[in-house]
Amino acid sequence: IREKMWGILRQRGIDGGGLSLRRTRSALVSARSYAAGSKEMTVRDALNSAIDEEMSADPKVFVMGEEVGQYQGAYKITKGLLEKYGPERVYDTPITEAGFTGIGVGAAYAGLKPVVEFMTFNFSMQAIDHIINSAAKSNYMSAGQINVPIVFRGPNGAAAGVGAQHSQCYAAWYASVPGLKVLAPYSAEDARGLLKAAIRDPDPVVFLENELLYGESFPISEEALDSSFCLPIGKAKIEREGKDVTIVTFSKMVGFALKAAEKLAEEGISAEVINLRSIRPLDRETINASVRKTSRLVTVEEGFPQHGVCAEICASVVEESFSYLDAPVERIAGADVPMPYAANLERLALPQVEDIVRAAKRACYRSK
Amino acid sequence: MATSFSATLPLHGSQENRLLLPPIRLAPPPSSFLGFTRSLTIPSSRRLYHAHAARRSPVVGVQEVVKEKKVTNSLLITKEEGLVLYEDMILGRSFEDMCAQMYYRGKMFGFVHLYNGQEAVSTGFIKLLTQSDSVVSTYRDHVHALSKGVSARAVMSELFGKVTGCCRGQGGSMHMFSKEHNMLGGFAFIGEGIPVATGAAFTSKYKREVLKQDCEDVTVAFFGDGTCNNGQFYECLNMAALYKLPIIFVVENNLWAIGMSHLRSTSDPEIWKKGPAFGMPGVHVDGMDVLKVREVAKEAVTRARRGEGPTLVECETYRFRGHSLADPDELRDAAEKAKYAARDPITALKKYLVENKLASEGELKTIEKKIDELVEEAVEFADASPQPGRSQLLENVFADPKGFGIGPDGRYRCEDPKFTQGTAQV
């Protein structure tokens, strides 16, 4: 079945027109990243503006979650929306994840476009039945009759000192389910473009933000500020071009990988950093094309190592580009323990820039 | 207004119903309220409580109702309505019996949960709904789908796993979806359908208030007694009452969850009481009597359409077969089964129609014959239909055809200027 799926992918996406599409696409993408962005925007403002614009454009979009209204959002992402759109479109729910997620799914069945906020994705575990069984599987079970245009968003992964029950990364869990699209933005541009695409998408999308990134500012181009700006779902972005080693990652780790790339550049290793943006569907073409260029792979994620996103990427590369690899694939993930509280232990439990640098060097020296 | 609905609904708004049943019942024994003749090791205080409850909310057999109707001299239904109800219940029963036969012949497989005995609930509620009203059910959903209008052929093909099924064979027995008839499933997890139904009701309200459309659609959520111990049920009772959603929560209390008796698993077995706790009316009705169910349903649906909010209706009913076709059904007492078999809703309605001269035996027999032929034709159709093609395996995972944000023309969908409905004015 995997071969068959790949066959379909190759037919539709890669061969013929697809290849040229990809080349022009990546050119445009790089053009965007180097655009004269004299404006800066925080990820928080980017998300807020994205939801605002989508709600303004389509009256069927509404926001539902704990503290999204009067409190202006637990992390202030939905600030100002209640005043602007009123309580009929911005719902403060009781603390009933299973209940309100199910209500969102039912509303999506009936034709509305809910944006359901989880205060953190850890709380989505109380509603995971609805995300997976009623949302992800419905289009398939009903043979295309009922699609679910819903977005589940919220902060995912570790924050600072919030302890084990508030720090898990759910990318691997949700990305393993067919029927869901899983997105993980890094910069403000990613956040805006991907959230707008997610809200307009007719399928259930799990949108994994990161709490520590909310306050970070990124340069943003005029194009990204346009109200019809969208990024394609399923396409990774090459944040930094290089030729010696490929570092693939998503969300907050992209920032760490870029810093690691600079450190590596001082030592003469040119690292290519790929920002996945989309965990499902995974952009295997971009990853494999990059590995075929550099012959070395380092994957980084914050979540637990076993059965993680990195495992899938490594397996994909080994299956597709084995003969191009010059070194074993490197996998950096969070420690295989529930997140400790103490600040120094937490730092040890998460990948740091030094870990990425060390892994990249290991990948580069192995062949010598 | 909540309390006026919490008492048992007298049938014609008359008080005669109550007078038929004296406040202290010496016989039948109080535990017969819940059909339990076998002695359980429940503390005597609890038994007394149930006895008390029995007296407070009497459940009358259809016999008594029929007698009462003769006294008051006005009928609950017209001939046409009666025939529609009869046909629907016969369809449900014949279809389920045929399912059992087909299962034991190997044509149907997996989990199949039959609805025999509970037809009055489905018919009583769903025959009052329009096509745009929604129904959400559990895994025991064949008859809900049939009552809502999905054709017997489509349901039978779905059960056989053929491409002509209502979900092209991808859903199966427990996942009956029909967009055309607004049958929103078919959920295997108990309690899962309740929030989804609440969401559909939420959409009706949203369409009225935000989108300013003319929308009077209500949603009916069916679920069982076991579900009433699940957290999601309470979450939704809370939110439905809080937001005044046009939804009716129908509990098909058949007293058993697989082999777990309702009494053994619930601290307070009277489910209708949980409605007023959340600020909505809670009604208990005899689910073996389609006319009673229909009366209660009329009130609840009208309430919802008027925008007065949700209602919780507990229908005391019984499933004649096991939980599923794989269930040996050993834990239920034969005497209890016999007791409820005597209250078969179809026989009761037949008796009512004939005794009140609404229909002759001949007419009813014609209906039965017609339904038999329909069901047999459905089986033949399903048998003759092809299985799904191999390419169907990977279809419909996403609504977006390529599932990658890529449209049918090969370009990224987000680049298409028509991707958004309107222009944002921020």
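This is a predicted model: local features need pLDDT of at least 70, side-chain atom pairs count only at pLDDT 80 or more; totals for chains, interfaces and linings use all residues.
1. Extent of the interface. The area buried between chain A and chain B is about 5500 Å², and carbon and sulfur atoms give 65% of that area. Helix α5 of chain A, residues 97–109, supplies ten residues to the side of chain A that touches chain B, the largest share. In terms of contacts, 68 residues of chain A meet 61 residues of chain B.

2. Chain B overall. Chain B has 16 helices and nine strands. Of its 426 residues, 57% count as buried. The accessible surface of chain B is about 17600 Å², with 56% belonging to carbon and sulfur atoms. Among contacts in chain B between residues at least 6 apart in sequence, 76% join residues at least 24 apart.

3. Helix α6 of chain B. This helix spans residues 119–126, and eight of its eight residues are buried. The buried residues include Glu119(B), as well as Val121(B), Phe125(B) and Ile126(B).

4. Cis peptide bonds. Most peptide bonds are trans, so the following two deserve a look in review. The bond from Arg280(A) to Pro281(A) is cis, with omega near 0°; Pro281(A) lies in the loop between β12 (278–280) and α12 of chain A. In chain B, a cis bond joins Gly185(B) and Gly186(B), with omega about 20°. Gly186(B) is in the loop between β3 (183–184) and α9 (193–209) of chain B.

5. Positive phi in chain A. Most residues other than glycine have a negative phi. Gln72(A), not a glycine, has a positive phi of about 70°. Gln72(A) sits in the loop between β2 (61–65) and α4 (81–85) of chain A, and counts as buried because its relative accessibility is 16%, under the 20% cut-off. Ser295(A) also has a positive phi, near 70°. Its place is the loop between α12 and β13 (297–300) of chain A, and at 12% relative accessibility Ser295(A) counts as buried.

6. Ser290(A). This residue is in helix α12 of chain A, residues 284–294. Ser290(A) counts as buried because its relative accessibility is 2%. Leaving aside neighbours within four places in sequence, Ser290(A) is in contact with Thr246(A), Glu272(A) and Ile274(A).

Methods:
Residues are numbered from 1 along each chain as its sequence is written. Chains are lettered from A and ligands numbered from 1 in the order in which they are written. Side-chain values use heavy atoms; hydrogens and water are left out. Contact means heavy atoms within 4.5 Å. Buried area is the accessible area (1.4 Å probe) that two parts lose on being put together, summed over both. Helices (H or I, at least four residues) and strands (E, at least two) are DSSP runs, numbered from the N terminus. Buried means under 20% relative accessible area, exposed over 50%, partly exposed in between (1.4 Å probe, protein chains only). Accessible areas come from the Shrake-Rupley method with a 1.4 Å probe; for residues, only the protein chains shown count as cover.
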